[in-house]
Structures are given as C-alpha cells and as structure tokens.
Amino acid sequence: MFWPLSDCSLKSRARVGVGLGSVGIVLPSSGQPTDPCEGIFITTEAAACGFHHSQGEAQGCTGIARAVVWSNMFRNTFQSGFLSILYSLGSKPLEIWQGEVRNGHIKRITDPDIASSVLEIQSANVSTTYISCPADQAKTLGIKLPFLILIVKNLKKYFTFEVQVLDDKNVRRRFRASNYQSATRVKPFICTMPMRLDEGWNQIQFNLAEFTRRAYGTNYIETLRMQIHANCRIRRVYFSDRLYTEEELPTEFKLFLPGKQQQQLAGS
C-alpha cells in the first residue's frame, strides 16, 4: 500500500535547493534492512572528533540565535525566528556536537565555490563517521521550531542525516533522509526517505511538523537530537519558525557564491 507525499517533500529553494524525487510512505517490508545506517542513531561511545582550523576565518557566529551549551539546552529558551546549531565560521562550530570518525575525517576546509570555510565530513562508510547533537547523550535539544534547514554541498557520494523528534503522544520518532534510497518507508519509530541533491551547494528544508503528521498522524512537539553523516560539506544548520524568502533572510544566513557563479544564480 502506498500513500503519496508529493506535497510533503524536502522542498527546494530558488537558486540553492534539494527535493525528493519519488516521495511516499509504504508499509515496512519483512527481511533485513538494506540501509547501512539502520539503528545507529543513539550512540554512547562516540569519541571527540578531530577538527582542523583553517587560517584566517575564526570569527564568532553572528546568527540571530547563537548556540550555547545550557543544562537543558534550548527547551527553556524563548524560540522565535532563527536558531542556529552549527555555523562553519564560528570559533567553535562543534561546541554542542560530538563526532565519531572511522576511516574518514571531520575537518574545516576552504570550499573553492564559496571561497570560505566549511565543515567537511567524509568517510568510506557513511555509518561510521558523523556528528551528533547534543554532545551529551543525557541531554536533548528541546527545539520547538518546526522547520529544519541545512546548507550543505553535494559531494556526489553517499550522504545521510537523521533527526529525532518528540510528538504529542510522547513518542520519540526518527526521520532519516538519504541520497541512496529510492522509496520512503515508515516503521513505528523511524521514517526513512530518499533525498535528491542538486550539484554543488543545496539548501535542504525539512518541515518537521508536516512530516510528523503525515507519517504518524501525530503532532510535532520538539526536536530532541540530530545526527549528520558523511559525505557532505556543511555551511550552517538552523531551525526557523517558518520558511523565509531569500530577501527576508539575515545576511549571515545566506550563501554567497563569488563572481560569475553569483551572477548566474541571480539570473536563474
């Protein structure tokens, strides 16, 4: 049985965007899962990741809501507008994140397309190299803003990310988007879905409230945890109360491409 989710996909933005190809919900099939990341979201033995700083860019995050480590994270914080949890130009981009590296790397490099520092996660196996937030497994994010936005670069390799939410039934649900899947599948506690990335830089927009309602028939309460796996380059990860147009976004939340590429984007 198949329920289409064509209006509930990871929507693309003008100029930089990502969309889901054939999106839908299917009843889980029997047999062993083929997803290499199945069941690895919550880890207890992740080691601190190695991190290499590029010279010349160690500016602090100037976002509207800067990520700060609090005892209860963001649950008791007034949340409106934008809430950034990772910014590659920050002095400590992974301050509230924990990394696991095996047969790969997590480091800050200069991306030639945007001529700026970004966080790169690469590995021969997507399941063994990743960053997760919060770093403390005993904590949760407690972010109630319903839109998750990731600004990432397509490295033309396997890539996946996962977000864990709490719904109004007090059940923890997980959503995993991957560029190596072809169909959306819903199980009692996890929904896996395909993700199609355009070439170069993409802005992934994830409507958590809509996905929770469509997949489980429940209401989104808050985001608990997030995990980003190889292979990608990350500029920023943030939450918002709604989708904003390019003109409405603060300057530090926009992605600028230099020279000819920027002119091409402006004319598209």
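Good morning. I begin with a contact of 2.7 Å: the side chain of Asp 111 makes a polar contact with the side chain of Arg 233. A polar contact is a pair of N or O atoms within 3.5 Å; within protein, one must be able to donate a hydrogen and the other to accept it, and residues adjacent in sequence count only if both atoms are side-chain atoms.

This is a predicted model, in which local features need pLDDT of at least 70 and side-chain atom pairs count only at pLDDT 80 or more, while totals for chains, interfaces and linings use all residues. Residues are numbered from 1 along each chain as its sequence is written, and side-chain values use heavy atoms, with hydrogens and water left out.

Asp 111 lies in strand β6, residues 104-111; strands (E, at least two residues) are DSSP runs, numbered from the N terminus. Asp 111 is buried, at a relative accessible area of 0%, where buried means under 20% relative accessible area, with a 1.4 Å probe and protein chains only.

I turn now to strand β9, residues 147-154. Because 8 of its 8 residues are buried, β9 is largely enclosed by the rest of the structure. Phe 147, Ile 149, Ile 151 and Lys 153 point one way from β9, and Leu 148, Leu 150, Val 152 and Asn 154 point the other way. In a regular strand the side chains alternate between the two faces of the sheet.

Which strands pair with β9? Strand β15 (residues 200-207) does so in the antiparallel sense over 8 bridges, and so does strand β17 (residues 232-240), also over 8 bridges; two strands pair if DSSP finds at least two bridges between them. Phe 147 stands opposite Asn 207 in β15, and its bridge partner in β17 is Ser 240.

Technical notes: Helices (H or I, at least four residues) and strands (E, at least two) are DSSP runs, numbered from the N terminus. Buried means under 20% relative accessible area, exposed over 50%, partly exposed in between (1.4 Å probe, protein chains only).
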